[in-house]
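Here's a quick look at a few local features, with the residues grouped by where they sit. Have the structure open as you read.

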Number of protein chains: 2
Amino acid sequence: LSGILPIAVDAMGGDRAPAEVVEGARLARDEDGIDVVLVGRPEALGDTHGLKVLPASEVVDMDDDPGVAVRRKKDSSLIRCAEAVRDGRASAMVSAGNTGATMASALLRIGRIRGVQRPAIATVLPVPGSTPTVLLDAGANAECTPAWLVQFAQMGAVFFAERFGVADPRVALLSIGEEPGKGTSLVKETHALLSEPGCLSAGKFIGNVEGRDVMTEGVDVVVTDGFTGNVVLKTLEGGVRFLIDTFLTAMTSTEEARQATEVLLPVLAPLNDQLDPETYGGAMLLGVDGVCIISHGSSSSRAIRNAVRVGAEMARADLVGHLAAVVRA
Amino acid sequence: LSGILPIAVDAMGGDRAPAEVVEGARLARDEDGIDVVLVGRPEALGDTHGLKVLPASEVVDMDDDPGVAVRRKKDSSLIRCAEAVRDGRASAMVSAGNTGATMASALLRIGRIRGVQRPAIATVLPVPGSTPTVLLDAGANAECTPAWLVQFAQMGAVFFAERFGVADPRVALLSIGEEPGKGTSLVKETHALLSEPGCLSAGKFIGNVEGRDVMTEGVDVVVTDGFTGNVVLKTLEGGVRFLIDTFLTAMTSTEEARQATEVLLPVLAPLNDQLDPETYGGAMLLGVDGVCIISHGSSSSRAIRNAVRVGAEMARADLVGHLAAVVRA
């Protein structure tokens with residue numbers, strides 16, 4: 001991917017940092033031809049395979065308080081990543097570290113797109129056999145106003161269009177019934193605003209959807225507050241994990257079952273890949289004035305590589321410019 | 001089950017009424033020895049196998065507005081069920097019909113337990129290999145106050161204890177992080193109230209849980225507002241359904257896979273049963289002054305039979321008396 005600056009990767013962030021992060025960055029360079037700069041403590045990184053390193057002496061821990069960490073750890077890899085984007089030395093930042101601190105770093109150092117009231121976390125939910133669903137806000141703002149949700153809808157539509165090449169994504173509001181009168185006052189007021197002609201310049205508002213519609217091909221972008229979105233995301237993660245574990249335990253409970261399961265591996269293995277959130281590389285923090293990708297804390301090198309590729313693609317597509325255009329409109 | 005009055009079954013409620021409902025009531029009588037009274041239009045019920053019938057000339061449709069239906073259809077099977085409980089002619093009511101109208105009928109005809117601010121819907125989520133999880137409120141109150149959530153916790157603990165014979169159930173608050181400071185102001189204020197000594201006389205408060213904990217053995221009762229609860233319930237229903245369909249499609253996609261899947265049926269079939277919400281017969285409306293069970297609209301005769309059995313057991317155990325005791329305390 002040409003025409004963009006390097007992607008800044010927080011080499012110290014995540015449960016498997018720095019080894020898996022460095023390996024993911026190497027894969028992004030060698031396999032995808034993307035220019036990467038590792039940010040972190042040079043002596044901790046091991047063999048960097050000739051990747052550029054931007055030194056940062058401090059590390060934000062997974063359980064650090066985000067506000068405190070951002071104020072005190074000014075030479076942390078996270079803060080330095082955000083500053084690299086702010087200062088025009090990187091086109092995007094990627095971190096698998098402390099989510100709250102990543103948001104805070106991006107907000108404080110890169111800042112918001114003009115007109116954006118609150119950035120939101122947009123998560124890509126895999127839907128095997130169909131395009132994925134983008135869910136936002138997945139946890140940046142526990143309590144929201146109708147105006148914020150409208151901006152999330154506008155930004156989510158632009159992100160989905162750029163990310164998956166779909167011209168007119170279907171945007172829905174998460175509620176507890178399809179009728180406009182169902183849900184909380186927040187949902188009802190947001191429904192009224194989104195129903196006004198011209199509210200979305202990219203995408204079309206298709207009304208309310210329910211929890212059961214999230215993992216279907218009937219919707220592209222699902223908008224909700226950060227509390228509900230985070231609960232939905234973790235409920236699905238937990239439910240899918242639990243169900244797969246339960247089935248696998250049963251399927252390997254006898255010798256006969258084990259043999260039959262082996263025969264099924266070629267048809268089951270692709271599903272496992274399709275359901276793996278790592279395929280999509282992480283969540284996007286939409287609304288900050290730069291591309292910021294928040295990867296899962298348990299990210300493998302594969303997840304980091306995918307996150308770097310998505311970051312490069314979104315920088316190349318000028319996602320931030322497109323977001324700024326719809327929010328100001 | 002002796003010592004209780006008959007169970008009033010709304011024979012006209014649900015997508016598969018009256019045939020599956022009548023059959024479920026017959027099974028409850030013949031297999032479980034429970035006295036049942038069918039409520040509905042006698043000429044619509046077909047062969048009632050000698051079950052008693054309480055005539056009601058009107059039917060509340062699935063898409064009727066609950067408030068309007070309850071005001072206008074005074075001779076509906078739903079209203080007559082609630083009146084049978086109120087007038088001491090039935091020990092419990094069971095309906096697979098319009099959920100909102102069932103709540104409204106129970107509230108208006110049976111009334112609340114003294115001291116209960118708002119009734120809540122308690123749903124039983126199956127967890128194969130462990131006791132199930134009770135989630136409440138699953139949709140009765142889209143917007144809640146901390147005081148209501150505290151009562152939901154108190155009532156949920158009593159219900160879990162009576163329903164599953166567990167003396168000291170673990171009660172948790174659904175949030176987006178385990179720390180007390182995480183979540184909305186509603187969650188934070190409720191956390192503080194539930195943390196006060198003696199707040200729960202049955203059960204113990206174990207703090208916040210996240211969406212991924214709902215389907216685990218780590219918690220017994222999960223408390224949340226009716227919006228979040230309904231979204232979680234439907235997200236799980238949809239996610240589980242989608243995942244099973246996706247796996248089954250793959251597992252029958254080739255002749256070789258079909259044969260291997262056949263070998264696995266004996267280990268997979270029990271899981272299907274354990275994951276089936278019909279095993280638990282429906283949700284309980286906790287807080288009204290009588291036993292009221294709201295079954296799924298698609299209930300089969302098996303689901304109705306289980307709902308009748310649960311209704312009889314909860315009447316026999318004097319669930320309402322136990323709820324009244326903890327709420328007044």
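This is a predicted model: local features need pLDDT of at least 70, side-chain atom pairs count only at pLDDT 80 or more; totals for chains, interfaces and linings use all residues.

Start with A:T133, which belongs to strand β6 of chain A, a stretch covering residues 133–136. With a relative accessible area of 0%, A:T133 is buried, because anything under 20% counts that way.

Once neighbours within four places in sequence are set aside, the contacts of A:T133 include A:T123, A:V124, A:L125 and A:V127. Also among them are A:V214, A:T216, A:V219, A:D220 and A:V222.

## Charged pairs

Side chains of opposite charge can pair when their charged atoms come close. Over all chains, the count reaches 43 salt bridges.

In chain A, A:R29 and A:D30 form one, with 2.8 Å between the closest N and O atoms. A:R29 is partly exposed at 27% relative accessibility, and A:D30 is partly exposed too, at 41%. This pair is also part of a salt-bridge network that links A:E23, A:R26, A:R29 and A:D30.

## Over in chain B

B:R29 and B:D30 make a salt bridge as well, their closest N and O atoms lying 2.8 Å apart. B:D30 is partly exposed at 40%, and B:R29 is partly exposed at 28%.

Another bridge joins the side chains of B:K182 and B:E179, at 3.6 Å from N to O. Here B:K182 comes out partly exposed at 36%, and B:E179 is partly exposed at 43%.

Note on methods
Residues are numbered from 1 along each chain as its sequence is written. Chains are lettered from A and ligands numbered from 1 in the order in which they are written. Side-chain values use heavy atoms; hydrogens and water are left out. Helices (H or I, at least four residues) and strands (E, at least two) are DSSP runs, numbered from the N terminus. Buried means under 20% relative accessible area, exposed over 50%, partly exposed in between (1.4 Å probe, protein chains only). Contact means heavy atoms within 4.5 Å. A salt bridge is a side-chain nitrogen of Lys or Arg within 4 Å of a carboxyl oxygen of Asp or Glu.
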